[in-house]
Amino acid sequence: MFNVAIIGASGYTGGELLRMLLNHPEVEITDITSRQYDGTPAHKLHSHIRDSGLVFKNKSPGDLDADVVFTATPHGASMKIVPEILETGAKVVDLSGDYRYRDTAVYEKWYGMEHTDKENKGAFGLPELYRDEIKKADLVANPGCFPTGAILSSYPLVKNNLVSRIIIDSKTGVSGAGINPSATTHYPNIADNVNPYKISSHRHMSEIQQELHGFEGVKVSFTPHLVPVIRGIQTTSHSLLNDENIDITPDEIRKLYEKEYGDEYFIKLMDEGEIPHLSSVRGSNFVHIGGFEIDETGRLVMLSCIDNLVKGASGQAIQNMNIILGIDETLGLTHFGLHP
Ligand SMILES: NC(=O)c1ccc[n+]([C@@H]2O[C@H](COP(=O)([O-])OP(=O)(O)OC[C@H]3O[C@@H](n4cnc5c(N)ncnc54)[C@H](OP(=O)(O)O)[C@@H]3O)[C@@H](O)[C@H]2O)c1
């Protein structure tokens, strides 16, 4: 058995880590921390998690008894905590944006704050692309929720140099904003509505660009929309085919995806004409990818669905934990989504 601890366990991704780790056959949760709820049983906040015996403690990061620590904390907070944990010899999976950037100057530009831990570098925790780096890492930077769905649904296109321009349009559920209520997440502002936000400047665009721009000549744009669902991210990517690839067929594109992802347990490619749905992945670590259609103008449409709290956060964090511990990558994560 491996010991694991969660910092920020009172939040949404912390609660989701608890839900899945309590059913994981190879780990024991030794510590869950919260500054606000010191001494409070876990189920008082996460009412679905009963009888775990776990109690929030306001423990210092350096005092945790764990082989792996999840930092389910906001950006800016993680970089203050992670160095102290690494000094204890524990490995870290960080769920914030703090360690996702190869160049901290890009982080500082998009997050508008100084990066105070330039020494520790994280492996980018998208296992389907970076499994070998993650295996060797002491620190894994779990990707953002939007970038997970967006990168996975476009990666084979840029890797094979098929497209010059990708315009990504995502719809997200409200749990993406975390546990603290705000005017943005207030029910009358959300319900029966669609709210585009940060339409040309969302910080996740820079993370998607980092991963997809690495392939020369591809420009990526991104616009998110808040929709009245609790969980899930539906992404539609509009890609403009290169002139030299304008005659490629949907079937040829599908074959590239099958080659790239055929062995990936958590990526499911939809059949021809089948549309991915949020309700099929809700609560699960699966990514459903579909689309594969090209219109008369040479626009290729790809679609993906994930659960922002699972493959977009805590499930992927457990997948990364499994990889760094050298155990089966799918342990604790094989459950299907909650349909309908
Ligand atoms: N929600 C999503 O769908 C999602 C998806 C991907 C990534 N993420 C990322 O995952 C991280 C956690 O997100 P979340 O949605 O779980 O947020 P959340 O619901 O707001 O929870 C974050 C928790 O972190 C703790 N915290 C806040 N500031 C802290 C500090 N300075 N030091 C220690 N603990 C602190 C708080 O607990 P106490 O006040 O009780 O200590 C809080 O409950 C964020 O970086 C977020 O961007 C979230």
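## Buried or exposed?

Let's start with a term: a residue is buried if 20 or more other C-beta atoms lie within 10 Å of its own, exposed if 12 or fewer, and partly exposed in between, with the C-beta atoms placed from the backbone. By that rule, 46% of the 340 residues of this chain count as buried.

Keep in mind that this is a predicted model, where local features need pLDDT of at least 70, side-chain atom pairs count only at pLDDT 80 or more, and totals for chains, interfaces and linings use all residues. Residues are numbered from 1 along each chain as its sequence is written.

## The overall build

The chain has ten helices and 14 strands. Here helices (H or I, at least four residues) and strands (E, at least two) are DSSP runs, numbered from the N terminus. The radius of gyration, taken over C-alpha atoms, is compared with a globule rule of 2.2 Å times the number of residues to the power 0.38. For this chain the radius of gyration is 20 Å, close to the 20 Å that the rule gives for 340 residues, so the chain is as compact as a globular protein of that length. Along its principal axes, the C-alpha trace spans about 60 × 45 × 40 Å.

Who touches whom? Two residues are in contact if their C-beta atoms, placed from the backbone, lie within 7 Å. Of the contacts in the chain with a separation of 6 or more, 70% are between residues 24 or more positions apart.

## Two domains

The domain assignment gives domain 1 (2-121) and domain 2 (146-308); such bounds come from an automatic or database domain assignment. The C-alpha centres of domain 1 and domain 2 lie 27 Å apart. Where they meet, nine residues of domain 1 are in contact with seven residues of domain 2. Helix 3 gives three residues to the domain 1 side, the largest share. Sorted by class, that side has five nonpolar, two polar and two charged residues. For those classes, Ala, Val, Leu, Ile, Met, Phe, Trp, Tyr, Cys and Pro count as nonpolar, Asp, Glu, Lys and Arg as charged, and the others, Gly among them, as polar.

## The nonpolar core

A nonpolar core is a set of buried Ala, Val, Leu, Ile, Met, Phe, Trp, Tyr and Cys residues joined through C-beta atoms within 7 Å. The largest one here has 79 residues, and Val4, Ile6, Val69 and Phe70 touch the most other members. This core draws at least three residues from each of domain 1 and domain 2.

Take Val4 as an example. Leaving out residues up to four places away in sequence, its contacts include Leu21, Val27, Ile29, Phe70 and Met321.

## A few residues to look up

Leu95 sits in the loop between strand 5 (91-94) and helix 3 (104-111). Leu95 counts as buried because 32 C-beta neighbours lie inside 10 Å. Not counting residues up to four places away in sequence, Leu95 touches Thr13, Phe70, Thr71, Ala72, Asn142, Ala313 and Ala317. Pro228, in the loop between strand 10 (219-226) and strand 11 (233-241), is partly exposed, with 14 other C-beta atoms within 10 Å.

Lys198 has a positive phi of about 40 degrees although it is not a glycine, and Lys198 is exposed, with 12 other C-beta atoms within 10 Å. Phe292, also not a glycine, has a positive phi near 55 degrees. Phe292 lies in strand 13 (residues 287-294) and counts as buried, with 23 C-beta neighbours inside 10 Å. Finally, a cis peptide bond, with omega about 0 degrees, joins His339 and Pro340, and Pro340 lies in the segment after helix 10.
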